Amino acid sequence: DVLTGEYLPHRQSRKFAPLDPTVNWQYVNHLVYTANTVPYGEDYGGDGNSAVFACLRALAFASIAAPLRLYQLDAKRERELLWESPIVDLFDVPHPELDLKEIRWWSTWARHIDGNAYVLKVRSGSSTSGLPAELWPISPTRMRPHTERGSDNFIDWYELDRYNGGPPQQIPVENVMHFKLGVDPYDTRKGIAPLKRLIREIASDGEATRYADALLRNFGTPGLVAKLPAETMLSPKQIEDLKASISQSF
């Protein structure tokens with residue numbers, strides 16, 4: 001069998017790697033997303049806050065502390081541990097570059113930032129019914145559930161934004177593992193992260209930190225602008241005297 005998945009035309013296009021230098025890959029692959037995310041660096045995202053980062057890190061590491069195991073129920077409804085199974089094989093090698101702990105760690109991080117974490121199942125044989133052969137984490141900035149207008153389905157498919165632009169790809173529901181944190185009251189198809197409700201406070205902390213940094217870079221002196229009436233005419237000497245007077249008074 002060969003790896004299928006028409007929405008992923010070649011293997012390298014699925015990797016989080018700078019394949020095209022014209023694309024802002026750091027932003028595209030930024031797996032944590034908040035309401036104030038902008039493509040200028042991680043300090044602008046909710047996880048750029050030191051307290052938030054520490055909490056997220058603790059949650060992510062705690063989530064992988066317990067090993068993942070596969071069980072089946074016997075005739076007495078008791079759990080029996082399975083050591084051999086296609087699912088166990090997938091757990092052992094879920095991805096060409098990432099192990100299962102890394103995917104689980106990322107899933108916890110993304111869920112607590114965005115409320116949603118998406119894992120794409122790449123199947124062998126049939127693209128919709130073949131056995132899963134690989135698991136690929138997909139940023140919540142690039143994927144979302146979609147329901148057609150007038151449809152009776154809860155979710156018709158998932159939309160995946162293309163790296164090179166163009167209309168989003170339609171991913172069958174059976175090929176997406178959607179991990180949610182709670183339920184978003186404005187869109188019950190999605191989860192909701194507490195950080196989205198706290199983003200104003202987080203942003204305020206970030207602005208206070210940036211102000212303190214700017215103050216220190218200016219040797220403890222805040223910026224000052226002297227605004228004079230438009231009709232005021234000052235000679236170069238008067239301007240220098242005014243600057244000296246303001247500096248001395250401050």
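1. Trp105 is partly exposed, its relative accessible area being 24%. This value, like the others below, comes from a predicted model. Trp109 has a relative accessibility of 7% and counts as buried, because the cut-off for buried is under 20%.

2. Both tryptophans belong to helix α4, where Trp105 and Trp109 are 4 residues apart, about one turn of the helix. The whole structure holds 4 aromatic pairs. Trp105 and Trp109 make up one of them, a stacked pair with 5.1 Å from centre to centre and 20 degrees between the planes. The pair counts as stacked because planes under 30 degrees apart fall in that class.

3. Helix α4 spans residues 100-114 and lies across β3, β4 and β8. Relative to β3, the helix runs at about 140 degrees.

4. The three strands under discussion form an open sheet, in the order β4-β3-β8, with antiparallel pairing. At its edges are β4 (132-138) and β8 (176-180), each of which pairs on one side only. Neighbouring strands in this sheet are turned against each other by 25 degrees on average, direction ignored.

5. How many bridges join β3 to β8? There are 5, and the two strands run antiparallel. Strand β3 covers residues 116-123. Opposite Met177 in β8 stands Val119.

6. Tyr118 is buried, with a relative accessible area of 1%. Tyr158 also counts as buried, at 4% relative accessibility. Together, Tyr118 and Tyr158 form an edge-to-face aromatic pair, with 5.8 Å between the centres and 65 degrees between the planes. Tyr118 lies in strand β3 and Tyr158 in strand β6 (residues 157-160), so this pair ties together parts that are 40 residues apart in sequence. The label edge-to-face applies because the planes are over 60 degrees apart.

7. Two arginines are placed over tyrosine rings. Arg79 lies over the face of Tyr71, 4.3 Å from the ring centre. Arg142 has its charged end over the ring of Tyr163, at 3.9 Å from the centre of that ring.

Notes
Residues are numbered from 1 along each chain as its sequence is written. This is a predicted model: local features need pLDDT of at least 70, side-chain atom pairs count only at pLDDT 80 or more; totals for chains, interfaces and linings use all residues. Side-chain values use heavy atoms; hydrogens and water are left out. Two strands pair if DSSP finds at least two bridges between them. Axes are lines fitted to C-alpha atoms, for helices over the stretch in contact, and angles run from 0 to 180 degrees between N-to-C directions. Contact means heavy atoms within 4.5 Å. Rings of Phe, Tyr and Trp (its six-membered ring) pair if their centres lie within 6.5 Å; planes under 30 degrees apart count as stacked, over 60 as edge-to-face and the rest as tilted. Buried means under 20% relative accessible area, exposed over 50%, partly exposed in between (1.4 Å probe, protein chains only). A charge sits over a ring if NZ of Lys or CZ of Arg is within 6 Å of the ring centre and within 35 degrees of the ring normal.
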